[in-house]
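Student: Hi! I've just opened this one and would like a hand finding my way around. Could we go through it together?

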Amino acid sequence: MNRFDRAAPRAVRDVAGFFPAGSGGPEAYRQIVATYSGVVAEIDRFAPDVVFVPVSLPDSSGRVSTGLCAEFYDVAMATASCRVALMCTDLPMLPGGFTFDLDAFTHIVRDDRAPPAWPEGAATPDQVTDAITRHVAGLVGDGSTLQTGIGRIPAGVFAHLAKRRRLRLHSGLLSDPLRALVESGAVDRSVPTCCATLVGSHGFQRWLHERSDIVLRPISYTHAFSTLSAIDGFIAVNSALEIDLFGQVNVEKVDGRHVSARGGLPDFAAAAHRSRGGLSIIALPSTGSGRSRIVPRLAPDVPVSVAGHDVDAVVTEYGVADLRGKDAEARARAIVRVAAPGARRALRAALGA
């Protein structure tokens, strides 16, 4: 992800996006700062002239599904004068998903390549990840509505939720572990699982085909405050690069390099914090690259991706720091208690304790 063919945009004067371009990015690349909900307004303002949309084969009524992603296609299609359908024979059709009439496109290009697969990595988590995910799963009760990202921590959380019942999912992105959770009986099938993007193995993609219990919706719906504020018992589980004793979260910058962007994290964290019976969780290993990922305060050059007041619980392999109902000092002390043992003395010293 976030890879560029450096030669492709040679004749383009300006290249912009919402995530870092990575080491292969063009020199003229500009990263625009926005949350996912803010990207909707930015695309509307940019009013693109050309948009490419991967779509499935048409159904009997002539409508095509956007298959694995709905993110920003609605707003981009509304402004573009050249609308190109990339018709992929292997793209799954989700009957309740985001669809367009084929006549909405000005051009159709046949693409017989298989959609890209996202490797999930090792099925068995390491001991640290397993401890973290067990702690997180203990915070999720029957009937909760869950949001997660992708990676080892969400996969591990799903694995520990197989015995829950009536779970609902509303997320920006879901992947292979969703299948095991659905097949375990933990998910309430009467309420469709909703997300903006699906990534995973080719087997997962085939499993999605013609499922009516999983729907794609654009970011203008999945991340909208009006949508999220109506969900009771909303639990957002997200990871981070580091967190400080104020509860401020950094998911964007490490060692002076921008490695990611805010994405939908601020939208979901704020919604979960405000949800009746909800919980905004930041789950992360206590250390990384030989140093504590819990720091006294984020460095001046590090962006605050999520404000401290939108974090209800911090989870590491050492336990859960429940920040709800605590003053600033008590919050900081709770966070220190789930830091790596070797880092706690320095963190307490930063508190003046």
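Student: How many bridges pair β3 and strand β5, and in which sense, parallel or antiparallel?

Tutor: This is a predicted model, and in it β3 pairs with strand β5 (residues 82–88) in the parallel sense, over six bridges.

Student: Which residue in β5 is the bridge partner of Val50?

Tutor: That would be Cys82.

Student: And what sheet do they sit in?

Tutor: They belong to an open sheet of three strands, in the order β3-β5-β7, with parallel pairing. The edge strands, each pairing on one side only, are β3 (50–55) and β7 (107–111). On average, neighbouring strands of this sheet are turned by 20° against each other, with direction ignored.

Student: Nice. New topic: how many aromatic pairs are there?

Tutor: The count comes to six aromatic pairs. Take Phe19 and Tyr36: their ring centres are 6.1 Å apart and their planes stand at 85°, so the pair is edge-to-face.

Student: Why edge-to-face?

Tutor: It comes down to the angle between the planes: over 60 degrees counts as edge-to-face, and these two rings are at 85°.

Student: Where do Phe19 and Tyr36 lie?

Tutor: Phe19 is in the loop between β1 (15–17) and β2 (29–31), while Tyr36 is in helix α1 (residues 36–46). The pair therefore ties together parts that are 17 residues apart in sequence.

Student: Is Phe19 buried or partly exposed? And what about Tyr36, buried or exposed?

Tutor: Phe19 has 23% relative accessibility, so it counts as partly exposed. Tyr36 has 15%, and therefore counts as buried. The cut-off for buried is under 20%.

Student: Which residues make up the cluster linked by ring pairs?

Tutor: Phe19, Tyr36 and Phe72 are linked into a cluster by ring pairs.

Student: What lines the largest cavity?

Tutor: Its lining is made of Thr148, Gly149, Ile150, Gly151, Pro154, Ala155, Phe158, Leu174, Ser175 and Pro177. Helix α4 (residues 152–159) gives the most to that lining, with three residues.

Student: And how do the residues of that lining divide into nonpolar, polar and charged?

Tutor: Six are nonpolar, four are polar and none is charged.

Methods:
Residues are numbered from 1 along each chain as its sequence is written. This is a predicted model: local features need pLDDT of at least 70, side-chain atom pairs count only at pLDDT 80 or more; totals for chains, interfaces and linings use all residues. Side-chain values use heavy atoms; hydrogens and water are left out. On a 1 Å grid over the protein atoms alone, a cavity is a set of points where a 1.4 Å probe fits but cannot get out, and a pocket is an open set with protein on both sides within 12 Å along at least five of seven lines; lining residues have an atom within 4 Å of a point. Helices (H or I, at least four residues) and strands (E, at least two) are DSSP runs, numbered from the N terminus. Ala, Val, Leu, Ile, Met, Phe, Trp, Tyr, Cys and Pro count as nonpolar, Asp, Glu, Lys and Arg as charged, and the others, Gly among them, as polar. Two strands pair if DSSP finds at least two bridges between them. Axes are lines fitted to C-alpha atoms, for helices over the stretch in contact, and angles run from 0 to 180 degrees between N-to-C directions. Rings of Phe, Tyr and Trp (its six-membered ring) pair if their centres lie within 6.5 Å; planes under 30 degrees apart count as stacked, over 60 as edge-to-face and the rest as tilted. Buried means under 20% relative accessible area, exposed over 50%, partly exposed in between (1.4 Å probe, protein chains only).
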